[in-house]
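Subject: Structure handover

Hello,

Here is the structure you are taking over. Please have it open while you read the notes below.

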Amino acid sequence: MISKNRVVYADVLKIFASFSVVFLHVAAGGWGSADIVSYEWKVFNIYDSMLRFGVPVFVMASGMFLLRPVKNISIGDIYKKYIPRIVICFLSWSFLYAIYPVVSGKMQFEQEIFLREFIFGHYHMWYLYMIVGLYIITPILRKIVQDKKSAEYFIILSVVFAFVLPFAAKVFQLKDFEMFVRKFEVSMVLGYSGYFVLGYYMDTYELKSAARKVIYAAGIIGVAATIVFTSMISLKSGKADGMFYSYLSPNVLACSMAVFVFFRYSVSKLNFGTKSLRAAGVLSACSFRIYLVHDFFNMFLYEWGISAMNYNPAVSVPVIAALVFTMSFITSYIIGKIPFLNKIL
(Lines give C-alpha, C1' and ligand atoms only; values in the text may rest on other atoms or scores of the structure.)
Protein backbone atom coordinates (compact mmCIF):
# COMPACT_ATOMS: atom_id res chain seq x y z
CA MET A 1 0.00 0.00 0.00
CA ILE A 2 1.34 3.44 -0.93
CA SER A 3 1.39 6.12 1.76
CA LYS A 4 -0.44 9.31 0.87
CA ASN A 5 2.23 11.24 2.79
CA ARG A 6 5.03 10.26 0.43
CA VAL A 7 6.63 13.01 -1.61
CA VAL A 8 7.07 11.27 -4.94
CA TYR A 9 9.53 13.71 -6.44
CA ALA A 10 11.74 13.31 -3.36
CA ASP A 11 11.73 9.53 -3.81
CA VAL A 12 12.78 9.86 -7.44
CA LEU A 13 15.32 12.52 -6.52
CA LYS A 14 17.01 10.24 -3.96
CA ILE A 15 17.12 7.40 -6.50
CA PHE A 16 18.69 9.72 -9.06
CA ALA A 17 21.17 11.00 -6.48
CA SER A 18 22.20 7.50 -5.40
CA PHE A 19 22.77 6.44 -9.01
CA SER A 20 24.75 9.62 -9.68
CA VAL A 21 27.07 8.82 -6.75
CA VAL A 22 27.67 5.30 -8.09
CA PHE A 23 28.23 6.73 -11.58
CA LEU A 24 30.60 9.36 -10.16
CA HIS A 25 32.74 6.85 -8.29
CA VAL A 26 33.06 4.62 -11.35
CA ALA A 27 34.29 7.60 -13.37
CA ALA A 28 36.50 8.89 -10.56
CA GLY A 29 38.49 5.67 -10.54
CA GLY A 30 39.79 6.42 -14.03
CA TRP A 31 39.99 10.19 -13.59
CA GLY A 32 42.75 9.87 -11.03
CA SER A 33 44.90 7.45 -13.03
CA ALA A 34 44.45 8.32 -16.72
CA ASP A 35 46.82 10.66 -18.55
CA ILE A 36 45.32 14.16 -18.32
CA VAL A 37 45.88 14.81 -22.03
CA SER A 38 44.19 11.57 -23.08
CA TYR A 39 40.73 11.10 -24.52
CA GLU A 40 39.87 8.83 -21.59
CA TRP A 41 40.67 11.49 -18.99
CA LYS A 42 38.56 14.06 -20.82
CA VAL A 43 35.58 11.70 -20.76
CA PHE A 44 36.09 10.97 -17.06
CA ASN A 45 36.32 14.70 -16.39
CA ILE A 46 33.05 15.39 -18.20
CA TYR A 47 31.23 12.66 -16.30
CA ASP A 48 32.75 13.70 -12.96
CA SER A 49 31.86 17.34 -13.55
CA MET A 50 28.26 16.55 -14.46
CA LEU A 51 27.63 14.35 -11.43
CA ARG A 52 28.92 16.36 -8.47
CA PHE A 53 25.36 17.04 -7.27
CA GLY A 54 24.73 13.57 -5.77
CA VAL A 55 25.87 14.14 -2.18
CA PRO A 56 24.57 17.74 -1.96
CA VAL A 57 21.16 16.57 -3.17
CA PHE A 58 21.11 13.84 -0.51
CA VAL A 59 21.79 16.50 2.13
CA MET A 60 19.10 18.78 0.69
CA ALA A 61 16.58 15.94 0.73
CA SER A 62 17.43 15.22 4.38
CA GLY A 63 16.94 18.86 5.34
CA MET A 64 13.70 18.95 3.38
CA PHE A 65 12.16 16.37 5.73
CA LEU A 66 13.98 16.85 9.04
CA LEU A 67 13.41 20.61 9.22
CA ARG A 68 9.68 20.50 8.54
CA PRO A 69 7.71 21.97 11.49
CA VAL A 70 5.07 19.22 11.15
CA LYS A 71 7.74 16.61 11.93
CA ASN A 72 8.03 16.44 15.70
CA ILE A 73 11.73 15.98 16.45
CA SER A 74 13.06 16.69 19.93
CA ILE A 75 16.66 16.90 21.10
CA GLY A 76 16.05 13.56 22.80
CA ASP A 77 14.98 12.03 19.48
CA ILE A 78 18.23 13.22 17.90
CA TYR A 79 20.40 11.48 20.50
CA LYS A 80 18.22 8.44 21.18
CA LYS A 81 17.03 7.63 17.67
CA TYR A 82 18.77 9.41 14.79
CA ILE A 83 22.42 9.51 15.87
CA PRO A 84 22.56 5.94 17.30
CA ARG A 85 21.16 4.60 14.04
CA ILE A 86 23.95 6.29 12.05
CA VAL A 87 26.62 5.24 14.55
CA ILE A 88 25.57 1.58 14.43
CA CYS A 89 25.44 1.72 10.65
CA PHE A 90 28.89 3.31 10.50
CA LEU A 91 30.49 0.77 12.83
CA SER A 92 29.03 -2.16 10.88
CA TRP A 93 29.99 -0.99 7.41
CA SER A 94 33.32 0.43 8.51
CA PHE A 95 34.27 -2.92 10.02
CA LEU A 96 33.35 -4.73 6.78
CA TYR A 97 35.37 -2.36 4.62
CA ALA A 98 38.33 -2.43 7.03
CA ILE A 99 38.45 -6.22 7.27
CA TYR A 100 37.82 -6.88 3.57
CA PRO A 101 41.48 -6.49 2.41
CA VAL A 102 42.52 -9.04 5.05
CA VAL A 103 39.75 -11.55 4.30
CA SER A 104 40.33 -11.25 0.55
CA GLY A 105 44.05 -11.91 1.00
CA LYS A 106 45.18 -8.52 -0.31
CA MET A 107 47.12 -7.76 2.84
CA GLN A 108 47.99 -9.20 6.21
CA PHE A 109 46.25 -7.98 9.31
CA GLU A 110 48.00 -5.00 10.91
CA GLN A 111 46.29 -3.62 13.97
CA GLU A 112 47.24 0.03 13.41
CA ILE A 113 46.06 0.07 9.80
CA PHE A 114 42.87 -1.81 10.64
CA LEU A 115 41.98 0.52 13.52
CA ARG A 116 42.63 3.60 11.42
CA GLU A 117 40.44 2.30 8.60
CA PHE A 118 37.77 1.24 11.08
CA ILE A 119 37.68 4.55 12.97
CA PHE A 120 37.78 6.88 9.98
CA GLY A 121 35.87 4.63 7.61
CA HIS A 122 36.14 3.84 3.91
CA TYR A 123 36.65 6.91 1.71
CA HIS A 124 32.92 7.50 1.06
CA MET A 125 31.84 7.06 4.66
CA TRP A 126 32.85 10.61 5.61
CA TYR A 127 29.22 11.29 4.73
CA LEU A 128 28.03 9.59 7.92
CA TYR A 129 30.24 11.78 10.10
CA MET A 130 28.85 14.83 8.33
CA ILE A 131 25.24 13.69 8.75
CA VAL A 132 25.76 13.22 12.49
CA GLY A 133 27.08 16.78 12.63
CA LEU A 134 23.93 18.02 10.90
CA TYR A 135 21.75 15.99 13.23
CA ILE A 136 23.43 17.63 16.22
CA ILE A 137 22.47 21.13 15.04
CA THR A 138 19.08 20.12 13.61
CA PRO A 139 17.10 21.34 16.68
CA ILE A 140 18.66 24.79 16.25
CA LEU A 141 18.14 24.85 12.49
CA ARG A 142 14.49 23.88 12.98
CA LYS A 143 14.02 27.04 15.04
CA ILE A 144 15.75 29.17 12.41
CA VAL A 145 13.67 27.96 9.47
CA GLN A 146 10.37 28.64 11.25
CA ASP A 147 10.79 32.20 9.99
CA LYS A 148 11.23 32.64 6.25
CA LYS A 149 13.44 35.71 6.58
CA SER A 150 15.71 33.95 9.06
CA ALA A 151 16.01 30.97 6.72
CA GLU A 152 16.90 33.27 3.81
CA TYR A 153 19.46 35.10 5.95
CA PHE A 154 21.02 31.78 6.96
CA ILE A 155 21.24 30.64 3.33
CA ILE A 156 22.83 33.93 2.24
CA LEU A 157 25.44 33.75 5.00
CA SER A 158 26.15 30.13 4.12
CA VAL A 159 26.61 30.88 0.41
CA VAL A 160 28.96 33.77 1.19
CA PHE A 161 31.04 32.26 4.00
CA ALA A 162 30.93 28.54 3.13
CA PHE A 163 30.99 28.62 -0.66
CA VAL A 164 32.05 31.89 -2.29
CA LEU A 165 34.73 33.47 -0.08
CA PRO A 166 36.68 30.30 0.88
CA PHE A 167 36.59 28.99 -2.67
CA ALA A 168 37.72 32.34 -4.12
CA ALA A 169 40.61 32.35 -1.65
CA LYS A 170 41.68 28.88 -2.84
CA VAL A 171 41.31 29.59 -6.55
CA PHE A 172 43.25 32.85 -6.42
CA GLN A 173 45.61 31.58 -3.69
CA LEU A 174 44.77 34.42 -1.32
CA LYS A 175 46.08 32.97 1.93
CA ASP A 176 45.89 36.23 3.86
CA PHE A 177 42.33 36.79 2.68
CA GLU A 178 41.41 33.25 3.71
CA MET A 179 42.81 33.90 7.20
CA PHE A 180 40.87 37.16 7.30
CA VAL A 181 37.59 35.39 6.49
CA ARG A 182 38.23 32.71 9.10
CA LYS A 183 38.59 35.35 11.82
CA PHE A 184 34.84 35.98 11.65
CA GLU A 185 34.26 32.46 13.06
CA VAL A 186 30.77 32.11 11.52
CA SER A 187 30.87 28.35 12.10
CA MET A 188 27.09 27.85 12.22
CA VAL A 189 26.66 28.54 8.50
CA LEU A 190 29.71 26.57 7.34
CA GLY A 191 29.96 23.06 5.95
CA TYR A 192 26.85 21.37 4.63
CA SER A 193 24.30 23.18 6.79
CA GLY A 194 23.62 25.51 3.86
CA TYR A 195 22.52 22.58 1.68
CA PHE A 196 20.47 21.24 4.58
CA VAL A 197 18.49 24.48 5.02
CA LEU A 198 18.33 25.10 1.28
CA GLY A 199 16.58 21.77 0.69
CA TYR A 200 13.88 22.70 3.20
CA TYR A 201 13.52 26.22 1.81
CA MET A 202 13.17 25.24 -1.85
CA ASP A 203 10.65 22.53 -1.01
CA THR A 204 8.58 24.79 1.27
CA TYR A 205 8.47 28.07 -0.63
CA GLU A 206 7.46 28.56 -4.23
CA LEU A 207 10.09 29.93 -6.60
CA LYS A 208 8.88 32.19 -9.39
CA SER A 209 9.43 31.08 -12.96
CA ALA A 210 12.11 33.74 -13.50
CA ALA A 211 14.03 32.55 -10.44
CA ARG A 212 13.87 28.94 -11.64
CA LYS A 213 15.23 29.94 -15.04
CA VAL A 214 18.13 31.75 -13.39
CA ILE A 215 18.89 28.67 -11.30
CA TYR A 216 18.80 26.40 -14.37
CA ALA A 217 21.13 28.75 -16.26
CA ALA A 218 23.49 28.90 -13.28
CA GLY A 219 23.44 25.10 -13.07
CA ILE A 220 24.44 24.72 -16.72
CA ILE A 221 27.17 27.33 -16.32
CA GLY A 222 28.31 25.57 -13.15
CA VAL A 223 28.76 22.23 -14.93
CA ALA A 224 30.53 23.88 -17.88
CA ALA A 225 32.82 25.77 -15.51
CA THR A 226 33.66 22.56 -13.64
CA ILE A 227 34.61 20.79 -16.87
CA VAL A 228 36.67 23.66 -18.30
CA PHE A 229 38.45 24.86 -15.17
CA THR A 230 39.25 21.35 -13.96
CA SER A 231 40.87 20.67 -17.31
CA MET A 232 42.76 23.98 -17.23
CA ILE A 233 44.20 23.66 -13.72
CA SER A 234 45.03 19.99 -14.27
CA LEU A 235 46.96 20.75 -17.45
CA LYS A 236 48.72 23.61 -15.68
CA SER A 237 49.78 21.48 -12.71
CA GLY A 238 50.55 18.40 -14.80
CA LYS A 239 48.22 16.15 -12.78
CA ALA A 240 44.52 15.71 -12.10
CA ASP A 241 43.34 18.54 -9.84
CA GLY A 242 39.87 18.29 -8.30
CA MET A 243 39.60 21.78 -6.78
CA PHE A 244 36.47 22.57 -8.78
CA TYR A 245 34.96 19.21 -7.82
CA SER A 246 34.51 20.37 -4.22
CA TYR A 247 30.94 20.02 -2.97
CA LEU A 248 31.47 23.37 -1.25
CA SER A 249 32.23 25.24 -4.47
CA PRO A 250 29.84 27.77 -6.09
CA ASN A 251 29.77 25.78 -9.35
CA VAL A 252 28.67 22.54 -7.64
CA LEU A 253 26.18 24.48 -5.50
CA ALA A 254 24.61 25.94 -8.66
CA CYS A 255 24.36 22.51 -10.32
CA SER A 256 22.88 20.92 -7.19
CA MET A 257 20.24 23.63 -6.86
CA ALA A 258 19.29 23.23 -10.51
CA VAL A 259 18.81 19.47 -10.12
CA PHE A 260 16.71 19.90 -6.99
CA VAL A 261 14.54 22.60 -8.60
CA PHE A 262 14.03 20.47 -11.71
CA PHE A 263 12.67 17.58 -9.65
CA ARG A 264 10.64 19.93 -7.45
CA TYR A 265 8.87 21.65 -10.35
CA SER A 266 9.05 19.25 -13.30
CA VAL A 267 9.29 15.67 -12.06
CA SER A 268 6.66 16.40 -9.41
CA LYS A 269 4.14 17.10 -12.19
CA LEU A 270 4.53 13.70 -13.82
CA ASN A 271 1.74 11.16 -13.38
CA PHE A 272 3.14 7.94 -11.99
CA GLY A 273 1.20 4.71 -12.05
CA THR A 274 0.68 2.60 -8.97
CA LYS A 275 3.48 0.18 -9.90
CA SER A 276 5.87 3.03 -10.64
CA LEU A 277 5.09 4.68 -7.31
CA ARG A 278 5.65 1.41 -5.48
CA ALA A 279 8.95 0.82 -7.29
CA ALA A 280 10.08 4.38 -6.55
CA GLY A 281 9.28 3.87 -2.88
CA VAL A 282 11.28 0.65 -2.71
CA LEU A 283 14.29 2.09 -4.55
CA SER A 284 14.19 5.26 -2.48
CA ALA A 285 14.11 3.27 0.76
CA CYS A 286 17.26 1.45 -0.39
CA SER A 287 19.12 4.57 -1.56
CA PHE A 288 21.15 5.12 1.62
CA ARG A 289 22.20 1.48 1.83
CA ILE A 290 23.09 1.54 -1.88
CA TYR A 291 25.43 4.43 -1.11
CA LEU A 292 27.10 2.40 1.63
CA VAL A 293 27.48 -0.95 -0.14
CA HIS A 294 28.25 0.11 -3.71
CA ASP A 295 32.02 0.39 -3.40
CA PHE A 296 32.29 -3.30 -2.57
CA PHE A 297 30.98 -4.00 -6.05
CA ASN A 298 33.32 -1.39 -7.54
CA MET A 299 36.21 -3.29 -5.97
CA PHE A 300 34.88 -6.72 -6.98
CA LEU A 301 34.47 -5.72 -10.62
CA TYR A 302 37.90 -4.09 -10.69
CA GLU A 303 39.47 -7.29 -9.34
CA TRP A 304 37.67 -9.25 -12.07
CA GLY A 305 39.19 -6.97 -14.70
CA ILE A 306 36.00 -5.01 -15.32
CA SER A 307 37.20 -1.42 -15.22
CA ALA A 308 36.19 1.68 -17.17
CA MET A 309 39.86 2.09 -18.08
CA ASN A 310 39.83 -1.20 -20.02
CA TYR A 311 37.16 -0.04 -22.47
CA ASN A 312 35.91 3.11 -24.13
CA PRO A 313 34.91 5.16 -21.04
CA ALA A 314 32.11 6.97 -22.86
CA VAL A 315 30.26 3.64 -22.85
CA SER A 316 31.95 1.64 -20.11
CA VAL A 317 31.36 4.16 -17.31
CA PRO A 318 27.53 4.25 -17.58
CA VAL A 319 27.36 0.49 -18.22
CA ILE A 320 29.51 -0.39 -15.20
CA ALA A 321 27.66 2.17 -13.10
CA ALA A 322 24.33 0.58 -14.03
CA LEU A 323 25.74 -2.87 -13.16
CA VAL A 324 27.10 -1.69 -9.79
CA PHE A 325 23.86 0.13 -8.98
CA THR A 326 21.77 -2.94 -9.82
CA MET A 327 23.89 -5.28 -7.69
CA SER A 328 23.90 -2.73 -4.86
CA PHE A 329 20.13 -2.41 -4.98
CA ILE A 330 19.58 -6.18 -4.92
CA THR A 331 21.96 -6.51 -1.98
CA SER A 332 20.32 -3.59 -0.16
CA TYR A 333 16.86 -4.98 -0.73
CA ILE A 334 17.84 -8.41 0.60
CA ILE A 335 19.52 -6.90 3.67
CA GLY A 336 16.37 -4.88 4.31
CA LYS A 337 14.33 -8.08 4.47
CA ILE A 338 16.55 -9.76 7.08
CA PRO A 339 15.38 -8.73 10.60
CA PHE A 340 18.76 -8.50 12.34
CA LEU A 341 20.86 -7.21 9.45
CA ASN A 342 18.45 -4.41 8.57
CA LYS A 343 19.08 -2.94 12.03
CA ILE A 344 22.86 -2.76 11.76
CA LEU A 345 23.57 -2.40 8.00
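Which helices each supply at least two residues of the lining of the second largest pocket? They are helix H7 (148-171) and helix H8 (175-182).

Before going on, two notes on where the values come from. This is a predicted model, in which local features need pLDDT of at least 70 and side-chain atom pairs count only at pLDDT 80 or more, while totals for chains, interfaces and linings use all residues. Residues are numbered from 1 along each chain as its sequence is written, and side-chain values use heavy atoms, with hydrogens and water left out.

Helices (H or I, at least four residues) and strands (E, at least two) are DSSP runs, numbered from the N terminus.

Pockets

Rolling a probe the size of a water molecule over the atoms shows where empty space is left. The search here uses a 1 Å grid over the protein atoms alone; a cavity is a set of points where a 1.4 Å probe fits but cannot get out, a pocket is an open set with protein on both sides within 12 Å along at least five of seven lines, and lining residues have an atom within 4 Å of a point. Grid points are joined across faces, edges and corners, and a volume is the space filled by probe spheres set on the points.

The second largest pocket has a volume of about 350 Å³. Its lining has 16 residues, and Phe-161, Ala-162, Pro-166, Arg-182 and Leu-190 lie nearest its centre. H7 provides the largest share of this lining, five residues. By class, the lining of the second largest pocket holds nine nonpolar, three polar and four charged residues. (Ala, Val, Leu, Ile, Met, Phe, Trp, Tyr, Cys and Pro count as nonpolar, Asp, Glu, Lys and Arg as charged, and the others, Gly among them, as polar.)

The largest pocket has a volume of about 1200 Å³. It is lined by 31 residues, and those nearest its centre are Lys-14, Arg-85, Tyr-135, Ala-285 and Phe-288. At least two lining residues come from each of H1, H3, helix H4 (75-103), helix H6 (126-144), helix H12 (274-303) and helix H14 (341-344). H12 gives the most, with six residues. The lining of the largest pocket divides into 17 nonpolar, five polar and nine charged residues.

The cavity

How many cavities of 30 Å³ or more does a search of the whole structure find? It finds one. About 40 Å³ of space lies in the largest cavity, and its lining is made up of Ile-155, Ser-158, Val-159, Phe-163, Gly-194, Tyr-195, Leu-198 and Leu-253. H7 and helix H9 (193-204) are the elements that give two or more residues to this lining. H7 gives the most, with four residues. Six of the lining residues of the largest cavity are nonpolar, two are polar and none is charged.

Helix packing

Two packed helices are described by the angle between their axes and the distance between the axes. Axes are lines fitted to C-alpha atoms, for helices over the stretch in contact, and angles run from 0 to 180 degrees between N-to-C directions.

H7 and H8 pack at an angle of about 155°, with their axes 8 Å apart. That angle makes H7 roughly antiparallel to H8 (under 35 degrees counts as roughly parallel, over 145 as roughly antiparallel, 65 to 115 as roughly perpendicular and the rest as oblique). The crossing of H7 and H8 is left-handed (the near helix is turned anticlockwise from the far one by less than a right angle; clockwise is right-handed). Contact (heavy atoms within 4.5 Å) is made by Phe-161, Leu-165, Ala-169 and Lys-170 of H7 and by Phe-177, Glu-178 and Val-181 of H8.

The axes of helix H1 (residues 8-31) and helix H3 (residues 54-66) come within 8 Å and cross at roughly 155°. H1 and H3 are therefore roughly antiparallel to each other. Their crossing is left-handed. Residues in this contact include Tyr-9, Leu-13 and Lys-14 of H1 and Val-57, Phe-58 and Phe-65 of H3.

H4 and helix H5 (residues 111-120) pack at an angle of about 145°, with their axes 8 Å apart. The crossing of H4 and H5 is right-handed.

Regards
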